[in-house]
Amino acid sequence: MGRLDKLKEECGVFGIYSYDGHDVSGLAYCALFALQHRGQESAGIAVNNAGMIGSFKNMGLVSEVFDTSILSILQGQSAIGHVRYSTTGDSLKENAQPMVVKYRNGQIALGHNGNITNARQIRDELEDQGLLFQTTSDTEVILSLISKHRLKTDNVIQAIKLTANHLVGSFSLVLLTEHNLIGVRDPLGIRPLCLGKLDNSYVLASESCALDSINADFVRDIEPGEIIVINKDGIESFFMDGISEKSRLCIFEHVYFARPDSIIDGASVYESRREAGRLLAIEHPVDADVVMGVPDSGLAAAMGFADQLGIRYGHGLLKNRYVARTFIQPGQNKRENSVSLKYNAMKAVVTGKRVVMVDDSIVRGTTIIKIIEMLKRAGAKEVHMRVSSPPLLHPCFYGVDISKREELIAASHSIEEIRQIIGADSLGYLSVEGLRSSPKESKLEFCTACLNGEYPTELSEKHKKQAFCEVAKVEMEELL
Ligand code: SF4
């Protein structure tokens, strides 16, 4: 929490179908706690009790939204849970998830991680057909499509397959119906989703760290384009129509979003970050006395960087763990002020030293300016900035809050200009190739659209305009 000047992930999802009489809402609560880093604006749990779906959701952290009295009411055999940071749809309770609706065939609850890039278009078409919407969320569009297709099909799986044919963008879904817990991953696997087992029961989660939090065993990742159905008869897997071999997991899951103790599509997030730091040191070596990382997501890369060059690794930047949710403070000034509340430099480590400071990414640059100032005030002789991902040049349309190019410092400045702005003695970014090769064991290929403009899905004209403009092209040519 307290993610200053950082990319923001949209959501985390969880699901459980119990054959063992587990306290499903209690387990969902614990798992959402482990997924809290993926979204801190709202949290919710929906539970199926003998075909009746009840739910509770509100704005706030998991620990603020739920207490034992609420959880004790949410009893049943299966449950889904959701934590949210909004990118599409306003930050309102109505847009919190899981969304639960009644339709012709009963009730359905849905939790969505990702972003449907053609949601507006689908919504317009459905509204033209007389359908009503209660929220501004793209998740309601998915529910409406499922409901519409369910009228024409025998079963909900077929309705989900037909729905998926219309959706462009990223979606990892958990659904509860009268009889099923269903997990769905988009055809490119942009957002993660994995399957675990707890005793004889099955669980689904955005990250494996959520399985660990409830002592469930990791079974496997849900494959791109897969629909997994769990019910009283067991578990069954289906695939969407027309799935290709192409996969595009968001590379920033490894850079920043996921917890380092998670394993995503075969690759350890911690090892990926360490390897990114090692490759960064090969690409941008520097003569220095100590290597430090910006806590928390820069630490593993800093260790890899230090190892590669044989420079001492030091804890030179202290993080105040009690500054919570500073990112929700509106406006640049408040963000800048909160940097010094959140971090402090350790004079014993930095005074008189040539310091390498490693961070996972630079978005606006506001945080790193303050950190470098802090290190120099604490007596650092030189501060060399190294970034374990390439410059962010383009917006993301797949569920990460970088929709405005103006907020990306690298979209309008050269590397030398950025170095001057942040006050570093030198600056080096990892290359796209280096980053792509850092999750060594990954079974999937990666989306790197915000780094190189290679969007893996079709974009609307509006999105194309947002994604590319002259200034970005000039800067990109300079950087590549
Ligand atoms: Fe991830 Fe960037 Fe692709 Fe968005 S554009 S999904 S942040 S790699």
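Student: In which loop is the place of Asp199?

Tutor: Asp199 sits in the loop between β9 (194-198) and β10 (201-205). Some ground rules come before the details. This is a predicted model, where local features need pLDDT of at least 70, side-chain atom pairs count only at pLDDT 80 or more, and totals for chains, interfaces and linings use all residues. Residues are numbered from 1 along each chain as its sequence is written, and side-chain values use heavy atoms, with hydrogens and water left out. The element names come from DSSP runs, numbered from the N terminus: helices are H or I runs of at least four residues, strands are E runs of at least two.

The phi of Asp199 is near 55°, a positive value in a residue other than glycine. Most residues other than glycine have a negative phi, and most peptide bonds are trans. Asp199 counts as exposed because its relative accessible area is 55%. Here is the scale: buried is under 20% relative accessible area, exposed is over 50%, and partly exposed is in between, with a 1.4 Å probe and protein chains only.

Asn215 also has a positive phi, about 60°, although it is not a glycine. Look for Asn215 in the loop between α7 (208-213) and β11 (217-221). Asn215 is exposed too, at 66%.

Next, the peptide bonds. The bond from Gln97 to Pro98 is cis, with omega near 5°. Pro98 is in the loop between β4 (78-84) and β5 (99-103). A cis bond also joins Pro295 and Asp296, with omega about -5°. Asp296 lies in the loop between β17 (290-293) and α10.

Asp23 is in the loop between β1 (11-17) and α1. Asp23 has a relative accessibility of 41%, so it counts as partly exposed. Now step into α1 itself. Helix α1 (residues 24-34) has nine of its 11 residues buried, so the rest of the structure largely encloses it. The buried residues of α1 are Val24, Ser25, Gly26, Leu27, Ala28, Tyr29, Ala31, Leu32 and Ala34.

Two other helices meet. The axes of α5 (residues 138-150) and α6 (residues 156-166) come within 8 Å and cross at roughly 125°. That angle makes α5 oblique to α6. Axes are lines fitted to C-alpha atoms, for helices over the stretch in contact, with angles from 0 to 180 degrees between N-to-C directions. Under 35 degrees is roughly parallel, over 145 roughly antiparallel, 65 to 115 roughly perpendicular, and the rest oblique. The crossing of α5 past α6 is right-handed (the near helix is turned clockwise from the far one by less than a right angle). On the α5 side, Ile142, Leu145, Ile146, His149 and Arg150 make the contact (heavy atoms within 4.5 Å). On the α6 side are Val156, Ala159, Ile160, Leu162, Thr163 and His166. By class, the contact has seven nonpolar, three polar and one charged residues. Nonpolar covers Ala, Val, Leu, Ile, Met, Phe, Trp, Tyr, Cys and Pro; charged covers Asp, Glu, Lys and Arg; the others, Gly among them, are polar.

Last, the charges. The whole structure holds 19 salt bridges (a side-chain nitrogen of Lys or Arg within 4 Å of a carboxyl oxygen of Asp or Glu). One of them pairs Asp233 with Lys232, with the closest N and O atoms 3.5 Å apart. Asp233 is exposed at 65%, and Lys232 is exposed at 67%. Another joins Asp307 and Arg274 at 2.5 Å, N to O. This pair links distant parts of the chain, 33 residues apart: Asp307 is in α10 (residues 299-309), Arg274 in α9 (residues 269-283). Asp307 is exposed at 52%, whereas Arg274 is partly exposed at 22%. Asp425 and Lys376 also meet in a salt bridge, 3.1 Å from N to O. They are 49 residues apart: Asp425 is in the loop between α14 (415-422) and β23 (426-429), Lys376 in α13 (residues 366-377). Asp425 is partly exposed at 35%. Lys376 is partly exposed at 35%. Finally, salt bridges with shared partners join Arg38, Arg191, Glu207 and Glu253 into one network.
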